[in-house]
Amino acid sequence: MIISKVIGIPIRVGDVEIAQYDCPFTENCGLRWEEAVESCNNLGDGWRLPTIDELELIFYNKELIGGFVNEAIVTYWSSTLFEKNENHDYNDNDAKYAWLFFFNIEIADRGYGEIGSNDILGRHTRAVRTIK
């Protein structure tokens with residue numbers, strides 16, 4: 001992965017800097033959660049997979065940030081983990097799921113994906129880093 005083609009010219013929103021472009025897809029047209037984490041971390045210099053709340057911030061600032069795929073529904077991985085139960089409680093010790101954020105054309109929505117699953121069609125990844 002060529003780092004400059006992912007980070008581009010980062011956009012700052014609050015205390016978060018957002019890469020200009022998504023991390024490249026694999027040949028399966030998506031990234032597994034573990035690959036998404038690794039892709040962001042490999043950018044170095046504090047770049048990482050965003051939390052679910054940071055993805056919501058990105059969604060509401062997507063016009064400012066730019067570089068998003070223009071499809072009806074685009075799904076992004078988050079770093080926020082939880083163990084699936086009736087309350088979707090967060091429990092990173094036994095986490096088997098990560099929150100996903102759906103960038104619909106007009107509305108934002110959350111869902112979840114199974115860690116380790118090969119069901120990755122269309123799962124995008126956008127790196128962020130915290131600015132101090």
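Predicted model: local features only at pLDDT ≥ 70, side-chain atom pairs only at ≥ 80, totals over all residues.
**Entry 1**

I then followed the two strands. β2 and β7 pair in the antiparallel sense, over three bridges. They belong to an open sheet of three strands, in the order β1-β2-β7, with antiparallel pairing. β1 and β7 stand at the edges and have a single partner strand each, so one side of each has no neighbour in the sheet.

Next I checked what lies across β1, β2 and β7. I found α3 there, running at about 65° to β2. Which residues of α3 are buried? I listed Ile52, Glu54, Leu55, Ile58 and Phe59. They cover an arc of only 155° around the axis, which puts them on the same side of α3. I reminded myself of the rule: an α-helix has 3.6 residues a turn, so residues three or four places apart point the same way. The face of α3 turned away from the buried side carries exposed Asp53 and Tyr60. I traced the packing too. The buried residues of α3 pack against β2, α4 (62-65), β3, β4, β5 and β7.

**Entry 1: another helix**

I turned to α2, residues 33-41. Its buried residues are Trp33, Ala36, Ser39 and Cys40. Down the helix axis they fall within an arc of 125°, so they line one face of α2. They pack against β3 and β4.

**Entry 2: strand β4**

Is β4 largely enclosed or largely open? I went through residues 97-104. Seven of the eight are buried, so the rest of the structure largely encloses this strand. I looked at both partners. β3 (residues 73-82) runs antiparallel to β4 and is joined to it by seven bridges. β5 (residues 108-114) is also antiparallel to β4, again with seven bridges.

**Entry 3: the cores**

Last, I looked for nonpolar cores. The largest has 17 residues. Ile18, Ile58, Ile65, Phe101 and Phe103 touch the most other members. β1, β2, α3, β3 and β4 each give two or more residues to this core. Apart from it lies another core, of 16 residues, including Ala36, Leu49, Leu81 and Ala127.

Notes: Residues numbered from 1 in each chain as written. Heavy atoms only, no water. Buried < 20%, exposed > 50% of the residue type's maximum accessible area, 1.4 Å probe, protein only. Helix = DSSP H or I, 4+ residues; strand = E, 2+ residues; numbered from the N terminus. Pairing = 2+ DSSP bridges. Core = buried A, V, L, I, M, F, W, Y, C linked by side-chain atoms within 4.5 Å. Arc of directions from axis to C-beta. Contact = heavy atoms within 4.5 Å. Axes fitted to C-alpha atoms, helices over the stretch in contact; angles between N-to-C directions.
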